[in-house]
Amino acid sequence: RYLAVLQSPDSQATGYVVELEAGGNLRLIPVAPAVAVPAGRALQFWTKAQGAAGPTSLGLVRPGETVQLPVSRLPAVEAQQLFEITLEPEAGSPLDRPTGPILFVGKTVQI
């Protein structure tokens, strides 16, 4: 099992917790009031394993909503795996990588 606390890079305020279990599910759990998202923008959830060439999108996230995904959608499940939430255009990043500012970021630890 792994856990990551996603914090604002600016204020270090905690916004989300990521829980995942190898062979099971990933849960993205909001632990703070919902982020205000400007019109025409969206929150996008990303992960990047150590040594990976680039990040993998895990989809768009509605503010304040818990997300559950099968771990099989991730490129890897390991300690020190990066997770982040960025502010992107309404339909998500037009590229295979984040284009907007990082709102929350953290790395997994094994528990």
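Q: What is Asp96 in contact with, leaving aside its neighbours within four places in sequence?
A: Asp96 is in contact with Trp46 and Pro55. Each pair counts because the cut-off for a contact is heavy atoms within 4.5 Å. The model is a predicted one.

Q: Where is Asp96 found, and how far is Asp96 from Ser57 in sequence and in space?
A: Asp96 is in the loop between β7 and β8 (102–107). Asp96 and Ser57 are 39 residues apart in sequence. In space, their C-alpha atoms are 7.6 Å apart.

Q: What makes Asp96 count as buried, partly exposed or exposed?
A: The relative accessibility of Asp96 is 74%. Exposed means over 50%. Asp96 therefore counts as exposed.

Q: How do you know that Arg27 and Glu19 form a salt bridge?
A: Their side chains meet at 3.4 Å, N to O. The cut-off is within 4 Å, so the Arg27–Glu19 pair qualifies.

Q: Why are Arg27 and Glu19 called partly exposed?
A: Arg27 has a relative accessibility of 33%. Glu19 has a relative accessible area of 28%. Buried needs under 20% and exposed needs over 50%. Both values lie in between, so both residues are partly exposed.

Q: Why is the Arg62 and Glu65 pair called a salt bridge?
A: The closest N and O atoms of Arg62 and Glu65 are 3.9 Å apart. That is within 4 Å, so the pair counts. The total by this rule is two salt bridges.

Q: Which residues have the most contacts inside the largest nonpolar core?
A: They are Leu6, Val18, Leu26, Leu28, Phe45 and Phe83. This core has 20 residues.

Q: What does Leu28 touch, not counting residues up to four places away in sequence?
A: Leu28 touches Leu6, Tyr16, Val17, Val18, Phe45, Val61, Glu65, Thr66, Val67 and Ile85. Glu65 is also the salt-bridge partner of Arg62.

Q: Why is β4 said to be largely enclosed by the rest of the structure?
A: Six of the eight residues of β4 are buried, so the strand is largely enclosed. Buried here means under 20% relative accessible area.

Q: How do you know that β4 pairs with β7 and with β5?
A: Pairing needs at least two bridges. β4 and β7 have eight, in the antiparallel sense. One of the bridges links Ala42 to Glu88 in β7. β4 and β5 have five, and they also run antiparallel. There, Thr47 has Thr56 in β5 as its bridge partner.

Q: What makes up the secondary structure of the protein chain?
A: The chain has zero helices and nine strands.

Q: Why is the protein chain called as compact as a globular protein of that length?
A: The radius of gyration is 13 Å. The globule rule gives 13 Å for 111 residues. The value is close to the rule, so the chain is as compact as a globular protein of that length. The C-alpha trace spans about 35 × 30 × 25 Å along its principal axes.

Q: How many residues count as buried, and what supplies the exposed area?
A: Of the 111 residues, 34% count as buried. The chain exposes about 5,800 Å². Carbon and sulfur atoms supply 51% of that area.

Conventions. Residues numbered from 1 in each chain as written. Predicted model: local features only at pLDDT ≥ 70, side-chain atom pairs only at ≥ 80, totals over all residues. Heavy atoms only, no water. Core = buried A, V, L, I, M, F, W, Y, C linked by side-chain atoms within 4.5 Å. Buried < 20%, exposed > 50% of the residue type's maximum accessible area, 1.4 Å probe, protein only. Helix = DSSP H or I, 4+ residues; strand = E, 2+ residues; numbered from the N terminus. Rg over C-alpha atoms; globule rule 2.2 N^0.38 Å. Areas by Shrake-Rupley, 256 points an atom, 1.4 Å probe, with all protein chains shown as cover.
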